[in-house]
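The sequence and the coordinates are shown below.

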Amino acid sequence: MASLDDWFEVNIITRNSPVWLFDLDNTLHNASHAIFPAIMASMNVYIANVLGDGVTPAGEDAVNAARTLYWRRYGATMLGLVKHHGVKAAHFLDETHRFERLADMIRAERGLRQLLRRLPGRKILLTNAPHRYSTQVLRHLGLQRQFSHHVSVESMVVHRQMRPKPSKLLLRKLMRRHGLTPNRCVLVEDTLANLRSAHALGMRTAWVTQYLEVGDAVGLAHPQKRLIRPAYVDVKVKSVRNLPARLHHLR
């Protein structure tokens with residue numbers, strides 16, 4: 001039976017430990033290897049059919065222009081399709097995240113489960129990916145039990161509208177729901193736009209870069225020649241496995 005001193009020690013550690021908000025794709029695994037190219041191909045086909053005349057799909061230039069415009073304007077191509085073309089978000093997510101052999105496409109470092117288990121504090125998965133896909137990836141990585149909550153894009157709804165990352169409304173709602181204050185939260189991400197929003201709210205931020213290519217528009221708000229750490233990033237790490245060594249910068 002634990003002593004009163006043990007009880008106080010555990011609770012002090014828990015109260016002072018950060019709450020980690022982990023992204024999934026290109027943070028906990030290498031989505032750029034095969035998954036992102038497959039999603040991009042499916043997305044292009046989907047957008048071409050949406051923009052087409054019902055018989056002939058739209059051309060490549062129109063598809064690229066729409067995808068880029070909506071991503072820059074709304075933070076997610078899907079939101080532009082929903083807002084301007086009447087697309088159902090659930091249908092879009094289902095059609096663009098179908099994989100015959102997803103397990104064969106996943107690439108990740110070993111030891112992630114042990115890392116998350118040792119990292120002090122509660123962990124919440126916060127991903128703009130759909131629930132079915134993100135659950136499959138977590139299960140393959142053996143990480144499903146390491147997160148107290150799994151927040152996928154379908155549940156990122158504020159005032160009856162989808163508000164995925166980098167929405168500040170989403171982050172505020174998340175903190176209210178879980179009784180958190182910004183200074184307790186650490187967002188671990190590959191995407192700078194998401195980190196910028198979190199920092200603006202008072203969260204601490206950790207930028208994971210190993211799966212990014214220089215100038216990668218998915219990971220960078222503006223293409224750069226080098227992965228330079230912006231002022232709103234507290235810690236830049238190559239891998240999530242480097243987080244324990246940088247923990248003192250995130251307290």
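The text that follows treats a strand, a helix, the aromatic pairs and the nonpolar core in turn.

The model is predicted: local features require a pLDDT of at least 70, side-chain atom pairs count only at pLDDT 80 or more, and totals for chains, interfaces and linings use all residues. Residues are numbered from 1 along each chain as its sequence is written, and side-chain values use heavy atoms, with hydrogens and water left out.

**Strand β1.** Helices (H or I, at least four residues) and strands (E, at least two) are DSSP runs numbered from the N terminus. Strand β1 comprises residues 19–22 and is covered on both faces. Val-19 and Leu-21 on one side, and Trp-20 and Phe-22 on the other, are all buried; the term denotes under 20% relative accessible area, whereas exposed denotes over 50% and partly exposed lies in between (1.4 Å probe, protein chains only). Strands are taken as paired if DSSP finds at least two bridges between them. β1 runs parallel to strand β6 (residues 185–189), to which four bridges join it; within β6, Val-186 is the bridge partner of Trp-20. Three bridges connect β1 with strand β2 (residues 123–126), again in the parallel sense, and Ile-124 of β2 stands opposite Leu-21.

**Helix α9.** In helix α9 (residues 168–178), Leu-170, Leu-171, Leu-174, Met-175 and His-178 are the buried residues. They lie on the same side of α9 because they cover an arc of only 135° around the axis, the arc being that of the directions from the helix axis to the C-beta atoms. Arg-176 and Arg-177, on the other side of α9, are exposed. The buried residues of α9 pack against β1, β2, β3 (149–151), β4 (157–158), β6 and α10 (192–200), where contact means heavy atoms within 4.5 Å. The N-terminal end of α9 is capped by Ser-167, a side-chain oxygen of which lies 3.2 Å from the backbone nitrogen of Leu-169. Gly-179 follows α9 and has a positive phi, near 65°.

**Aromatic pairs.** Rings of Phe, Tyr and Trp (its six-membered ring) pair if their centres lie within 6.5 Å; planes under 30 degrees apart count as stacked, over 60 as edge-to-face and the rest as tilted.

| Pair | Centre distance | Plane angle | Class |
|---|---|---|---|
| Phe-22 and Phe-147 | 6.1 Å | 75° | edge-to-face |
| Phe-99 and Tyr-133 | 5.7 Å | 40° | tilted |

Phe-22 in β1 and Phe-147, in the loop between α8 (131–141) and β3, are 125 residues apart, and their pair links distant parts of the chain. Phe-22 is buried at a relative accessible area of 0%, and Phe-147 counts as buried at 9%. Phe-99 lies in the loop between α5 (89–96) and α6 (102–105) and Tyr-133 in helix α8, so this pair ties together parts that are 34 residues apart in sequence. Phe-99 is buried with a relative accessible area of 17%, and Tyr-133 with 1%. Trp-20, Phe-22 and Phe-147 form one aromatic cluster.

**Nonpolar core.** A nonpolar core is a set of buried Ala, Val, Leu, Ile, Met, Phe, Trp, Tyr and Cys residues joined through side-chain atoms within 4.5 Å. The largest has 74 residues, of which Trp-20, Leu-21, Phe-22, Ile-35, Val-188, Val-240 and Leu-243 touch the most other members. Helix α2 (residues 35–51) supplies the largest share of this core, six residues. Leaving aside neighbours within four places in sequence, Leu-21 is in contact with Ile-124, Leu-126, Leu-174, Cys-185, Val-186, Leu-187, Val-188 and Met-203.

Methods. A polar contact is a pair of N or O atoms within 3.5 Å; within protein, one must be able to donate a hydrogen and the other to accept it, and residues adjacent in sequence count only if both atoms are side-chain atoms.
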